[in-house]
Amino acid sequence: MRIPAHSVCTAIRDDIVAGVYERGSRLTEEVLARRYGVSRVPVREALRTLEAEGFVVTRRHAGACVAEPTEQEAADLLEMRMLLEPLGAARAAQRRTEAHLKVLRGLVRLGQERARRGSSEDLRSLGGWFHETLAQACGSPSLTSMLTQLRHKIAWMYTVEAPPSPADAWAEHGAIVDAVARGDGERARALTALHGERTTAAHRLRFSGAGERVRTSQHVVNTSGPRH
C-alpha cells in the first residue's frame, strides 16, 4: 500500500516543530524513508510541500535542510497571526455551522473545567483545538490553511508561557464563541484581536542548543488516522 505523501509530510512537519531535527540539519530522502517506514517517493513529495511552507530549504551541495528562520521572520509570523485570526473569527460569525458551534462550546466547557483543575498540558492541547476549529469555521479553505500553517510555524519558533489566569483565558474563548454564535462579526473580530494581543506577549523565541542532535528512534507513519 502506498503511503500518502500528506501523511509523511505531517509526520516530518510534526518532528520539525517538536525539535527532533535541529535548524539547518540535512534531511536526506533515504534516512527519512527508513525512519518513517515509507518509500522515497512520498518523502520527496513531502519535502517539496515543506519547502513551500517554509520549514525546509534546498541548499547547493547539501540538498534539503531544515530552515533557519531569522528573529524578524519569527516576529512577522506573530504579526500576521494578529491580522488573520480576527478576520477568521469575523468570517466564522457569518459562516459557521451548528456543528462548529457544538465543538467550540464543548472545547470551552472542557477548557474551563481543566482550568479549575490546573491541568496545564490539557489546556495547551485544548487551546490549539479551539483555534483550529475557529479557523475551520471561517468557511474559507485558503484562510484556514494559512492560519493552520501559521500555528505550526509559531509552535516551531516559540515557546508559550502559561497564562497567569487560565480561567480568564477560557472566559475570553467563551466570549468569542458567544459572538460567533450571535453572528456578530465585529465583536468576534475585536475579542479575538484582544485575546491575540494578550497571548502574543507570552511567546518566547526558541534557540537550539549547539550540541543538540537528531534523535534516532524509529518513527513509522501511522496511516490509520490523523496524528495529534
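In what order do the elements of the protein chain run from the N terminus on? The order is α-α-α-β-β-α-α-α-α-β-α-α-β. Colleagues, please bear in mind throughout that this is a predicted model. The protein chain holds nine helices and four strands. Of its 228 residues, 42% are buried. Among contacts with a separation of 6 or more, 76% join residues 24 or more positions apart.

In general, two packed helices are described by the angle between their axes and the distance between the axes. For helix H4, residues 71-95, and helix H7, residues 141-157, the axes come within 10 Å and cross at roughly 145°. The crossing of H4 with H7 is left-handed.

Which residues of H4 and H7 meet? On the H4 side they are Ala74, Leu77, Leu78, Met80, Arg81, Leu84, Glu85, Leu87 and Gly88. H7 contributes Leu143, Met146, Leu147, Leu150, Lys153, Ile154 and Met157.

I proceed to helix H8, residues 166-182. Its 17 residues should span 24 Å at 1.5 Å a residue, and the end C-alpha atoms, 25 Å apart, agree with that. Buried in H8 are Ala169, Trp170, His173, Gly174, Ile176, Val177, Ala179 and Val180. These buried residues pack against H4, helix H5 (98-117), H6 and H9. After H8 comes Gly183, with a positive phi near 75°.

Helix H9, residues 185-200, is my final subject. With 16 residues, H9 reaches 22 Å from its first C-alpha to its last, close to the 22 Å expected at 1.5 Å a residue. Which residues of H9 are buried? They are Gly185, Ala188, Leu191, Thr192, His195, Gly196 and Thr199. Why do these residues lie on the same side of H9? They do so because they cover an arc of only 140° around the axis.

The partners of the buried residues of H9 are H4, helix H6 (120-136), H8 and strand E4 (203-205). What does the face turned away from the buried side of H9 carry? That face carries the exposed residues Glu186 and Leu194.

To close, I return to H4: the buried residues of H8 pack against H4, the buried residues of H9 also pack against H4, and H4 crosses H7 at roughly 145°.

Notes:
Residues are numbered from 1 along each chain as its sequence is written. This is a predicted model: local features need pLDDT of at least 70, side-chain atom pairs count only at pLDDT 80 or more; totals for chains, interfaces and linings use all residues. Side-chain values use heavy atoms; hydrogens and water are left out. Axes are lines fitted to C-alpha atoms, for helices over the stretch in contact, and angles run from 0 to 180 degrees between N-to-C directions. Helices (H or I, at least four residues) and strands (E, at least two) are DSSP runs, numbered from the N terminus. A crossing is left-handed if the near helix is turned anticlockwise from the far one by less than a right angle, and right-handed if clockwise. Contact means heavy atoms within 4.5 Å. The expected span of a helix is 1.5 Å times one less than its number of residues. Buried means under 20% relative accessible area, exposed over 50%, partly exposed in between (1.4 Å probe, protein chains only). The arc is that of the directions from the helix axis to the C-beta atoms.
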